[in-house]
Amino acid sequence: SPMATSVIEREPADIDSAEAPQAIPAMRIPPDVRLRVDHEGFARLCSLNGDLRLELQADGTLVVMSPASSNTGRQNADLTAQLTIWNKAAKLGVAFDSSAGFTLPDGSVLGPDASWIRRDRWDSLGPDDRDGFARIVPDFVAELRPPSDSLQKFREKMRGYLSQGVRLGWLIDPRSKIVEVYRPGRDVETLTAPKQVSGGDVLPGFTLDLADILD
């Protein structure tokens with residue numbers, strides 16, 4: 001997961017073609033100020049800031065994240081690669097990396113570090129919806145906690161995913177070597193220094209090897 005930051009680029013105003021382009025200053029947001037945008041504004045911000053990961057909370061609060069640390073990116077690549085390899089063999093659904101965002105029923109737009117959607121559900125979406133922040137709840141999500149963010153923050157995020165209809169969630173904390181497994185209607189299962197974690201009936205036949213991710 002990338003680290004939260006408080007810097008966002010303003011959209012450049014239209015300028016006369018004869019004018020030399022000017023550098024666009026960054027707007028720095030104090031920690032106690034919550035910047036809110038609607039879905040249209042969020043889409044415009046995302047198109048202008050392709051180098052950042054942005055999320056939108058249910059109340060319209062914008063969350064701006066900087067690129068992940070090198071080590072977190074390595075762990076995330078391992079996670080996504082294993083999910084993708086299993087999915088190509090199983091042919092049961094569609095796998096997504098951390099760049100994919102989804103519009104959830106509460107109006108939030110979130111991008112899990114890894115996610116998966118059953119094939120028939122994904123195929124039910126129209127082309128326009130697939131090319132935007134698809135209005136669909138992933139069946140499975142995984143989040144990697146970076147050292148800079150609190151565990152409580154990610155636990156709240158995982159509970160939020162479940163409330164929106166996610167069927168299986170993994171919160172992976174490499175620093176403490178803990179994996180928390182979230183399922184609807186069940187207590188959170190905490191695994192300490194596991195060698196692997198099973199996808200159960202949501203990801204049948206998938207077992208994530210954690211050797212390098214928790215290293």
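This is a predicted model: local features need pLDDT of at least 70, side-chain atom pairs count only at pLDDT 80 or more; totals for chains, interfaces and linings use all residues.
User: Start with helix H1. Which of its residues are buried?

Analyst: First the general idea. An α-helix has 3.6 residues a turn, so residues three or four places apart point the same way. Now the case. H1 spans residues 39–48, and Gly-41, Phe-42, Leu-45 and Cys-46 are buried there. Viewed down the axis of H1, these buried residues fall within an arc of 140°, so they line one face of the helix. The face turned away from that buried side carries Glu-40 and Ser-47, both exposed.

User: How many residues does helix H5 have, and what span does it reach?

Analyst: H5 covers residues 151–164, which is 14 residues. From first C-alpha to last it reaches 20 Å, close to the 20 Å expected at 1.5 Å a residue. Its buried residues are Phe-154, Lys-157, Met-158, Tyr-161 and Gln-164. They cover an arc of only 125° around the axis, which puts them on the same side of H5.

User: Which strands do the buried residues of H5 pack against?

Analyst: They pack against S4 (53–56), S8 (109–110), S10 (140–144), S11 (168–173) and S12 (178–182). After H5 comes Gly-165, with a positive phi near 120°.

User: Next, strands. Which way do the residues of S5 point?

Analyst: In a regular strand the side chains alternate between the two faces of the sheet. In S5 (residues 62–65), Leu-62 and Val-64 point one way, Val-63 and Met-65 the other, and all are buried. S5 runs antiparallel to S4, and four bridges join them. Val-63 in S5 stands opposite Glu-55. The S4–S5 hairpin has five residues between the strands, and Gly-60 takes a positive phi near 90° in that hairpin.

User: Is Glu-55 buried or exposed?

Analyst: Glu-55 is buried, with a relative accessible area of 5%. Its side chain meets that of Lys-157 in a salt bridge, 3.1 Å from N to O. Glu-55 lies in strand S4 and Lys-157 in helix H5, so the pair ties together parts that are 102 residues apart in sequence. Glu-143 joins Glu-55 and Lys-157 in a network of salt bridges.

User: How many salt bridges are found in the whole structure?

Analyst: Twelve. One of them links Arg-119 to Asp-123, with the closest N and O atoms 3.4 Å apart. Both residues lie in helix H3 (residues 119–123), four residues apart, about one turn of the helix. Arg-119 is partly exposed, at 37% relative accessible area. Asp-123 is partly exposed too, at 40%.

User: On to the cores. Which residues touch the most other members of the largest nonpolar core?

Analyst: In soluble globular proteins, nonpolar side chains tend to be buried together. Here the largest nonpolar core has 22 residues, and Leu-83, Phe-140, Trp-170, Ile-172, Leu-203, Leu-208 and Leu-210 touch the most other members. H2, S9 (114–118), S10, S11 and S12 each give two or more residues to this core. Apart from it lies another core, of 19 residues, among them Leu-104, Ile-136, Val-166 and Leu-171.

User: Where is Leu-210 found, and what is it in contact with?

Analyst: Leu-210 sits in the segment after strand S15 (207–209). At 1% relative accessibility, Leu-210 counts as buried. Neighbours within four places in sequence aside, its contacts are Ile-172, Val-179, Pro-194, Lys-195, Gln-196 and Val-197. The C-alpha atoms of Leu-210 and Val-197 are separated by 7.6 Å, with the two residues 13 apart along the chain.

Note on methods. Residues are numbered from 1 along each chain as its sequence is written. Side-chain values use heavy atoms; hydrogens and water are left out. Buried means under 20% relative accessible area, exposed over 50%, partly exposed in between (1.4 Å probe, protein chains only). The arc is that of the directions from the helix axis to the C-beta atoms. The expected span of a helix is 1.5 Å times one less than its number of residues. Contact means heavy atoms within 4.5 Å. A nonpolar core is a set of buried Ala, Val, Leu, Ile, Met, Phe, Trp, Tyr and Cys residues joined through side-chain atoms within 4.5 Å. Two strands pair if DSSP finds at least two bridges between them. A salt bridge is a side-chain nitrogen of Lys or Arg within 4 Å of a carboxyl oxygen of Asp or Glu.
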